[in-house]
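Subject: Structure handover

Hi,

Here is the structure I promised to pass on. My notes on its side-chain contacts follow below.

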Amino acid sequence: MTKGSDPLVTLGQLIMEPMSTTPLTDDERFMELALEQARECAQNAEVPIGAIVVCDDKPVARAGNRRETDRDPAAHAEFLAIGAAARALDRWRLSDCTVYVTLEPCVMCAGLMQQARIKRCVYGAADPKAGALGTLYDLHDDARLNHRFAVTPGVLADQSAALLRDFFSARRSGGCDEKKQDTSYDDRPNPVIETED
């Protein structure tokens, strides 16, 4: 072995020994399902964020971002998945559920998780502009609130971030079909309220 070489792995070992494939952890396996949802979003010109809600080790709901499609500012992937899970389980308390989402939740979605009493949130990429579970805020661990939940950040973060980076890069270069915005409401006259002087 030469000076400066890594004593743990030599070139000979890399050539002679096949690389071992480590099985996915449960968190990685469920995050892969969330990434599938995110990929579908990208194909529909939606920001590629996907979410899965897992209860008793089984996915009970999944969703992708639908803000453009539904023209709904609340149609975030995790928001939709939590609502679908509540309907599927026929209860609003999701205290035995884990939410997997490809991007760190915003304040709205973290608030919904708090209200739904989730057990845990696992997210992929951190969100430096809106992250409410550790990056900008710590809503999951705020002692002033009546419920706290565990957070596991960074699961398959590179894949999650790459999806977002590629989507926005394509959009900036004109390679991503943006849905035509409905501007028909712009043609309506603005109502004028008559007031008496």
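Arg29 has a relative accessibility of 38%, so it counts as partly exposed. Keep in mind that this is a predicted model. The side chain of Arg29 meets that of Asp26 in a salt bridge, at 3.0 Å from N to O. Both residues sit in helix α2, which spans residues 26–43. They are three residues apart, about one turn of the helix. Asp26 is partly exposed too, since its relative accessibility is 40%.

Arg29 has another contact. It lies over the face of Phe30, 4.4 Å from the ring centre.

**Other salt bridges**

How many salt bridges does the structure hold? There are five. Among them is the one between Arg120 and Asp27, at 2.7 Å from N to O. Arg120 belongs to strand β4 (residues 120–125) and Asp27 to helix α2, so this pair ties together parts that are 93 residues apart in sequence. Is Asp27 buried or exposed? Its relative accessible area is 16%, and the cut-off for buried is under 20%, so Asp27 is buried.

Arg66 and Asp70 form another of the salt bridges, with their closest N and O atoms 2.7 Å apart. Arg66 is partly exposed, with 37% relative accessible area. Asp70 is also partly exposed, at 35%.

**Aromatic pairs**

The structure holds two aromatic pairs. In one, the ring centres of Phe30 and Tyr100 are 5.3 Å apart and the planes meet at 45 degrees, so the pair is tilted. Phe30 is in helix α2 and Tyr100 is in strand β3 (residues 97–103), so the contact ties together parts 70 residues apart in sequence. Both Phe30 and Tyr100 are buried.

Phe167 and Phe168 make up an edge-to-face pair. Their centres are 5.1 Å apart, with 80 degrees between the planes. Phe167 is buried, with a relative accessible area of 5%. Phe168 is partly exposed, at 30%.

**Surface patch**

Which residues make the nonpolar surface patch of about 280 Å²? They are Val107, Leu136 and Tyr137. Val107 lies in helix α5, which covers residues 107–116. Its relative accessibility is 41%, so Val107 counts as partly exposed.

**Where to look**

Then turn to the patch of Val107, Leu136 and Tyr137.

Best wishes

Key: Residues are numbered from 1 along each chain as its sequence is written. Side-chain values use heavy atoms; hydrogens and water are left out. A salt bridge is a side-chain nitrogen of Lys or Arg within 4 Å of a carboxyl oxygen of Asp or Glu. Helices (H or I, at least four residues) and strands (E, at least two) are DSSP runs, numbered from the N terminus. Buried means under 20% relative accessible area, exposed over 50%, partly exposed in between (1.4 Å probe, protein chains only). Patches are made of residues with over 30% relative accessible area and no salt bridge: like charges are joined within 9 Å, nonpolar side chains (Val, Leu, Ile, Met, Phe, Trp, Tyr) within 5 Å. Accessible areas come from the Shrake-Rupley method with a 1.4 Å probe; for residues, only the protein chains shown count as cover. Rings of Phe, Tyr and Trp (its six-membered ring) pair if their centres lie within 6.5 Å; planes under 30 degrees apart count as stacked, over 60 as edge-to-face and the rest as tilted. A charge sits over a ring if NZ of Lys or CZ of Arg is within 6 Å of the ring centre and within 35 degrees of the ring normal.
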